[in-house]
Amino acid sequence: MAGRFPDAEDLDAFWVNLAAGRTSISPVPEARWGTDWFDPDRRVPDRSYSRWAALLPDLGGFDPRFFQLSPMEAEAMDPQQRQFLQQAWTALEDAGYAAPGERLRCGVYVGASGGDYYHLLRAAGQADTGQAFLGNNMAILAARVAYLLDLSGPTMTVDTACSSSLTAVHLACEAIRGGDCELAIAGGVAVMTTPQMQVWSSRVGMLSPTGRSVPFDADADGIVLGEGVGAVVLKSLRAALADGDRIQAVIRASGVNGDGRTNGITAPSATSQAELLRAVHRRAGVEAGDIGYVEAHGTATNLGDPIEVKALNQVLGAADGPGFTALGSVKANIGHTTTAAGIAGLLKVVLALRHRALPRCPASPRPTPSSTCRAAACGWSAN
């Protein structure tokens, strides 16, 4: 596995930050987006009322020659393509499958959304080239990884909004189970080269004006956007054991569904979430009492968080016996990384398994009444 997140160039640094309860949220530096995108007055159009985010420090560090790309082609590529290509290679290297000359029947599944880098290219007069066309087409992202790394499995870029990277992992697992590939790289990437996402999120009132991402907290006042990229290499457990692979963790089951009709298109459904949890638990052969920790979506909004906890309580609260299921959300550390949010949470869980520790929350939360039931009691401060 591999990943790069704010204040963490690799997963070792990511774990150090998680274990220390460190938050990577800070005011957006002027060097990133300039100054004409922010205004604390929510009534001002085309501006964001929040000046906070958790950003990657450098989007330009890329060696095109390593991947046999020309500098012109690399410069025209959306940084999301560059970032995921690097982490896909690093993940294969970490898994022991990056040897040259060996063509792998390996799928590539990437959670990503159309980026905004094209606007910078257009402003620089470099948008009307073939390199810009291919470098900013998200359908090319997964295919480029397979092409440059000589992988012959299915390739797919997935956009299901905040669930994109976990949907990519699910689809990769299903492809392996179905025999479409023996191996798969799955993950996601989210990079903001302009303040467009910050402004859009402000227009619908999603962002925290204080810059505090505090999931399941009574003081939660909105999300803080973040950037990140992560990838895992997947293989069937039976094949991994037979081949002597190093196994980081086992995915017992996965699943997807939709909310159906709710009180708003962005509003989740506790009923649908509970149904999905029960279905995946049945598929995995686990009971509610077997679940010791839940890495939640936990966006730090007073709309989504109570609904998520309600769904968890409907499923996990039915377990017999005393105790609680610990609850956490990586968004307290690195904000909401949108299409990379799921893979950030997955990597956090695998690192916690490796280190046999639950990282503590950066803040000292005041839990909402809906977060004090069995499914969540004390969980966000577990050490």
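I take a salt bridge to be a side-chain nitrogen of Lys or Arg within 4 Å of a carboxyl oxygen of Asp or Glu.

**Ground rules.** The model is predicted, and I number residues from 1 along each chain as its sequence is written. Local features need pLDDT of at least 70 and side-chain atom pairs count only at pLDDT 80 or more, while totals for chains, interfaces and linings use all residues, and side-chain values use heavy atoms, with hydrogens and water left out.

**Entry: salt bridges.** I looked up the count and found 11 salt bridges. One of them joins the side chains of E9 and R4, at 2.8 Å from N to O. For burial I call a residue buried under 20% relative accessible area, exposed over 50%, and partly exposed in between (1.4 Å probe, protein chains only). R4 is buried at 6%, whereas E9 is partly exposed at 48%.

I then looked up K235, whose side chain meets that of D243 in a salt bridge of 2.6 Å, N to O. K235 is partly exposed, with a relative accessible area of 23%. A network of salt bridges links K235, D243 and D245.

Next came E295 and K348, which form a salt bridge of 2.9 Å, N to O. E295 sits in strand β8 (residues 293-295) and K348 in helix α14 (residues 341-355), so this pair ties together parts that are 53 residues apart in sequence. Both E295 and K348 are buried.

**Entry: the whole chain.** I read helices (H or I, at least four residues) and strands (E, at least two) as DSSP runs, numbered from the N terminus. The protein has 14 helices and nine strands. Its radius of gyration is 20 Å, close to the 21 Å that the globule rule gives for 383 residues, so the protein is as compact as a globular protein of that length. That radius is taken over C-alpha atoms, and the rule is 2.2 Å times the number of residues to the power 0.38. The C-alpha trace spans about 60 × 60 × 40 Å along its principal axes.

Of the 383 residues, 50% count as buried. I also looked up contacts (heavy atoms within 4.5 Å). Among those between residues at least 6 apart in sequence, 77% join residues at least 24 apart.

**Entry: A20.** Where is A20 found? A20 is in the loop between α1 (11-19) and β2 (26-27). Its relative accessibility is 30%, so A20 counts as partly exposed. The C-alpha atoms of A20 and C361 are separated by 8.8 Å, although these residues are 341 residues apart along the chain.
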